[in-house]
Amino acid sequence: MKKAIPFLLTSTILLSACGQGQASDIHSPAEEVSIQVESSAVASSVDEVVSASTEATSEEKSEDVEAETDNTSEDSINEYFFSNISDEHVYDVTEFLYEDIDSVSIDVSLVSSFTNGNVYSITIDYDDCPGRYYWGISDRFDLGLFYVTDEEIYMVYPSVDDISSEEEFLSRGVLVCSANDSDETVDGEHRRIVNEGDSCTFYSSNTLTESGFYYSYTWTKGKGLSFYRSGYGAEGDPIEITLK
């Protein structure tokens, strides 16, 4: 449409000029000045129309791009994750290693943003204590990195810290919340997702040894992580907390 406007106007000018040329090939100086002024005015009008159209189109494209890429909000877009991560998240304690405590808090922080969601870290806010580290390396208080989209939640093990893209997170992450139930064993790890009412629970257990590590997350609509449990076979070093 932008190209059609100057073309039609230019054609009109040329046809008008041709008609005048057929009537008389000689113009007076006044007529020539008049024609030049009219042509200049038309060209100016065309430039203004094209410029306004271009600016409007650029603004529309800019708004579309912002709508597609604006994912910087810290709040979750998934109703099973925390709706406001800045809120205080306090849990009742059923078991907490060898500590005699009634409650504990967890911290939820925005780590990065990808095209379809945000990545958050979830950690238990508590001082160092016996049983916190397993295999001498991994921190039991670090519950993982979670990539939260509008329909699913993926978790990357705390020991993995080199995820730099959405594709890598999806390929290396573990699906821990989905509308579809699942049951599979991957590299000796039995993984299940079970949906009941407004809650979605992920279970993981080591099938290679009776004393293997287990853990589970329960996500509840409107609440986020409502229950967490982890430990070793035969209830070794258990952690079990429930959102107040």
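How much space lies in the largest pocket? About 410 Å³. A pocket here is found on a 1 Å grid over the protein atoms alone, as an open set of points where a 1.4 Å probe fits, with protein on both sides within 12 Å along at least five of seven lines. Grid points are joined across faces, edges and corners, and the volume is the space filled by probe spheres set on those points.

Before going further, a word on the model: it is predicted, so local features need pLDDT of at least 70 and side-chain atom pairs count only at pLDDT 80 or more, while totals for chains, interfaces and linings use all residues. Residues are numbered from 1 along each chain as its sequence is written, and side-chain values use heavy atoms, with hydrogens and water left out.

Back to the pocket. Its lining (residues with an atom within 4 Å of a point) is made up of 22 residues, and those nearest the centre are Tyr 134, Trp 135, Tyr 157, Phe 213 and Tyr 215. Strands E5 (138-139), E6 (142-148), E11 (199-206) and E12 each give two or more residues to this lining. Sorted by class, the lining holds 11 nonpolar, 6 polar and 5 charged residues; Ala, Val, Leu, Ile, Met, Phe, Trp, Tyr, Cys and Pro count as nonpolar, Asp, Glu, Lys and Arg as charged, and the others, Gly among them, as polar.

Zooming out, the protein has 3 helices and 14 strands, taken as DSSP runs of at least four residues (H or I) and at least two (E), numbered from the N terminus. Of its 244 residues, 34% are buried (under 20% relative accessible area with a 1.4 Å probe, protein chains only; exposed is over 50%, and partly exposed is in between). Among contacts (heavy atoms within 4.5 Å) with a separation of 6 or more, 43% join residues 24 or more positions apart.

What about the inside? The largest nonpolar core has 38 residues, and Phe 81, Ile 122, Phe 146, Tyr 217, Trp 219, Leu 225 and Ile 241 touch the most other members. Such a core is a set of buried Ala, Val, Leu, Ile, Met, Phe, Trp, Tyr and Cys residues joined through side-chain atoms within 4.5 Å. Strand E12 (residues 213-220) gives the most to it, with 4 residues. Beyond its neighbours within four places in sequence, Phe 146 contacts a list of residues including Phe 81, Ile 122, Tyr 217 and Trp 219. A second, separate core of 8 residues includes Val 119, Tyr 147, Val 156 and Ile 163.

A few single residues are worth a look. Thr 149 sits in the loop between E6 and strand E7 (153-156), yet counts as buried because its relative accessible area is 10%. Leu 208, in the loop between E11 and E12, is exposed at 66% relative accessibility. Leaving aside residues within four places in sequence, Leu 208 contacts Asp 187 and Gly 188.

Backbone angles come last. Most residues other than glycine have a negative phi. Leu 97, in the loop between strand E1 (89-96) and strand E2 (103-114), has a positive phi near 55°. Asp 237, found in strand E14 (residues 236-243), also has a positive phi, near 45°.
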